[in-house]
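Subject: Structure handover

Hello,

Here is the structure I promised. Please take a look, then read my notes below.

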Amino acid sequence: MPRARILPLAILATLALATPAQAAKSVKGKWKGTVHSGSISFKMKMTIKRTKVGSTAGTLSNPGSPCHGTLTVTSRHDGGLSLQYHEKSGDRNCTGDDKIFIKRKGAKLRWRAVAPSGQVGTATLKRA
């Protein structure tokens, strides 16, 4: 095969091999875990579809409660994403407009939220 044809094939093969590794480091997808905040803990599910700043990133819900809403990407920093949570249920027991920070750590996702009241919740999420 002529050298001119081998080089483009080598580049395509390299790109094809690089794509799964990049996808493995992505925060996009479905995640689940248990949030811990002081003496309480509760289950949480999160879906991330977009990571562009300003975009609606995905959704968050607390199974077994009425609390659910959307997430908007507010910034990228410290190797992770800052998100703003927008509560949809209107239930007063739900926190509302939490500020959330997520960061990929291996196969898991570190999650930290601060409610408007100042209450902090943390979780280590895994793929759902």
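Which residues have the most contacts inside the largest nonpolar core? They are Met46, Leu71, Ile100, Ile102 and Trp111, in a core of 20 residues. A nonpolar core here is a set of buried Ala, Val, Leu, Ile, Met, Phe, Trp, Tyr and Cys residues joined through side-chain atoms within 4.5 Å. Buried means under 20% relative accessible area, exposed over 50%, and partly exposed in between (1.4 Å probe, protein chains only).

Some ground rules. This is a predicted model: local features need pLDDT of at least 70, side-chain atom pairs count only at pLDDT 80 or more, and totals for chains, interfaces and linings use all residues. Residues are numbered from 1 along each chain as its sequence is written, and side-chain values use heavy atoms, with hydrogens and water left out.

Now the fold. Eight strands form a closed barrel, E1-E2-E3-E4-E5-E6-E7-E8, with antiparallel pairing. Strands are DSSP runs (E, at least two residues), numbered from the N terminus. Two strands pair if DSSP finds at least two bridges between them. Strand E6 (residues 99-105) and strand E7 (residues 108-114) are joined by seven bridges. Lys103 sits opposite Arg110 in E7.

Back to Ile100. Beyond its neighbours within four places in sequence, its contacts (heavy atoms within 4.5 Å) include Leu60, Leu71, Tyr85 and Trp111.

Last, His77, in strand E4. His77 counts as partly exposed because its relative accessibility is 32%. His77 and Phe101 are 24 residues apart in sequence and 9.3 Å apart in space, C-alpha to C-alpha.

Best wishes

Note on methods. Helix = DSSP H or I, 4+ residues; strand = E, 2+ residues; numbered from the N terminus.
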